[in-house]
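Here is a friendly briefing to read alongside the model. Please keep the viewer open as you go through the points.

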Amino acid sequence: MISDKLDKIIKNFGTYIAAIKEEKGERTILVKPEAHKELLRFLRYDEEMSYDMLIDLCGVDYLGENPRFEVVYLLRSMRDGDRLRVKVRLNGEDEIETVSDLWRAADWLERETYDMFGIRFRNHPDLRRILLSDDFSGHPLRKDFPAEGFDFDKPFEVKLEEEI
Amino acid sequence: MGVDIERNIVVTSIEKLVNWGRKYSVWPLTFGLACCALEFIVAGSATIDMARFGSEVARPSPRQADLMLVAGTLTKKMAPMVKRIYEQMAEPKWVIAFGSCACTGGIFKSYNVVQGVDQIIPVDVYVPGCPPRPESFLTALIKLQEKIEKETVKERKLITAP
């Protein structure tokens with residue numbers, strides 16, 4: 001059944017798929033950034049696919065490589081009970097189209113990815129930091145971010161809400 | 001039947017009387033930030049019983065509390081709330097930094113943790129330990145009582161952090 005799904009994905013998006021990997025029963029599709037939104041919309045709404053649940057969305061920082069950032073989508077079909085992993089390498093820039101209109105769950109997950117990696121999601125309804133404070137500088141899960149932060153040696157100045 | 005005046009009157013200064021009263025009625029604010037808060041809870045239990053030192057009335061409201069017990073890791077996101085609550089407390093007020101994280105940041109040499117609550121509010125007593133035993137809280141309370149005993153009306157603490 002899952003192989004039928006994969007065949008249909010290859011038939012529709014063959015030119016945009018960079019690789020399909022399978023390891024220990026887990027399937028991963030590496031898609032090119034120019035078609036990732038169309039592929040994800042197809043996976044979400046196509047009758048045969050029906051990947052209607054976004055389990056997780058996260059970023060990866062491959063420092064030193066080009067392209068540097070990767071976004072990973074973990075999908076699940078509630079009807080068939082199978083899972084699919086979709087990866088997309090960002091094309092040089094750190095910007096990619098949002099999928100928060102496909103899955104509501106993507107809203108906060110994309111905010112978290114933006115907060116931690118600085119990957120901006122185009123057309124996101126409310127893209128701002130979710131875990132760190134609004135006046136924080138830098139994106140901590142980037143590999144070139146020091147674990148102590150940039151201004152570790154300076155005394156911490158607390159700002160009340162009305163002062164920010 | 002005459003009243004024995006000499007045996008029923010104690011002469012003292014108002015300062016000593018006030019400090020004596022304050023010393024034995026330190027009401028802590030329940031302010032647990034992380035795992036150290038559990039030690040504070042145990043300090044109120046029957047085995048440790050901080051009520052013996054007049055400090056059992058843990059208040060949920062800063063307006064009614066005298067002692068802010070910062071128990072646990074203070075993240076930078078939480079720091080404005082700590083400062084706000086400290087400033088909402090009525091004078092006189094004291095602060096105990098309970099645990100390594102509250103004292104210095106502890107093991108979290110990290111971008112998201114304040115390296116000691118004394119960076120944002122003045123601290124009276126530091127209790128190291130990860131976490132400190134509940135008995136340590138009693139020690140800190142007794143140290144604080146000694147400090148309150150020596151306070152004078154003229155010299156008041158700073159209201160906000162220097």
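Among contacts in chain A (heavy atoms within 4.5 Å) between residues at least 6 apart in sequence, 53% join residues at least 24 apart. For chain B, the corresponding share of contacts between residues at least 6 apart is 80%. This is a predicted model, in which local features need pLDDT of at least 70 and side-chain atom pairs count only at pLDDT 80 or more, while totals for chains, interfaces and linings use all residues. Residues are numbered from 1 along each chain as its sequence is written, chains are lettered from A and ligands numbered from 1 in the order in which they are written, and side-chain values use heavy atoms, with hydrogens and water left out.

**The two chains**

- Chain A has 3 helices and 7 strands, where helices (H or I, at least four residues) and strands (E, at least two) are DSSP runs numbered from the N terminus.
- Along the sequence, the order of elements in chain A is α-β-β-α-β-β-β-β-α-β.
- The C-alpha trace of chain A spans about 60 × 35 × 30 Å along its principal axes.
- Chain A has 164 residues, and 43% of them count as buried; buried means under 20% relative accessible area, exposed over 50%, and partly exposed in between (1.4 Å probe, protein chains only).
- Chain B has 6 helices and 4 strands, and its pattern reads α-α-β-α-β-α-β-α-β-α.
- Taken along the principal axes, the C-alpha atoms of chain B fill a box of roughly 75 × 35 × 25 Å.
- Of the 162 residues in chain B, 44% count as buried.

**Where the chains meet**

- Chain A brings 19 residues to the contact and chain B brings 14 residues.
- About 1400 Å² is buried between chain A and chain B, with carbon and sulfur atoms giving 65% of it; buried area is the accessible area (1.4 Å probe) that two parts lose on being put together, summed over both.
- In chain A, the residues that lose the most area to chain B are Phe156(A), Val158(A) and Leu160(A), together 42% of what that side buries.
- Between the chains, 5 residue pairs are in polar contact, both at pLDDT 80 or more. A polar contact is a pair of N or O atoms within 3.5 Å; within protein, one must be able to donate a hydrogen and the other to accept it, and residues adjacent in sequence count only if both atoms are side-chain atoms.

**Aromatic rings**

- The whole structure holds 8 aromatic pairs over all chains. Rings of Phe, Tyr and Trp (its six-membered ring) pair if their centres lie within 6.5 Å; planes under 30 degrees apart count as stacked, over 60 as edge-to-face and the rest as tilted.
- The rings of Phe40(B) and Phe137(B) have centres 5.5 Å apart and planes at 80°, so this pair is edge-to-face.
- That pair links distant parts of the chain, with Phe40(B) in helix H3 (residues 36–43) and Phe137(B) in helix H6 (residues 134–150) of chain B, 97 residues apart.
- Phe40(B) is buried at a relative accessible area of 9%, and Phe137(B) is buried at 0%.
- Phe98(B) and Phe137(B) are also edge-to-face, with ring centres 6.1 Å apart and planes at 85°.
- Phe98(B) sits in strand S3 (residues 94–98) of chain B, 39 residues from Phe137(B), and is buried with a relative accessible area of 0%.
- One aromatic cluster is formed by Phe136(A), Phe145(A), Phe150(A) and Tyr111(B).

**Asp124(B)**

- Asp124(B) is found in the loop between helix H5 (100–104) and strand S4 (125–127) of chain B, and is buried with a relative accessible area of 15%.
- The Asp124(B) side chain reaches the backbone nitrogen of Val95(B) at 2.9 Å and makes a polar contact with the side chain of Lys147(B) at 2.7 Å.

**Backbone details**

- Most residues other than glycine have a negative phi, and most peptide bonds are trans.
- A cis peptide bond joins Asn66(A) and Pro67(A), with omega about 0°; another joins Cys130(B) and Pro131(B), with omega about -10°.
- Asn123(A), not a glycine, has a positive phi of about 65° and counts as exposed at 61% relative accessibility.
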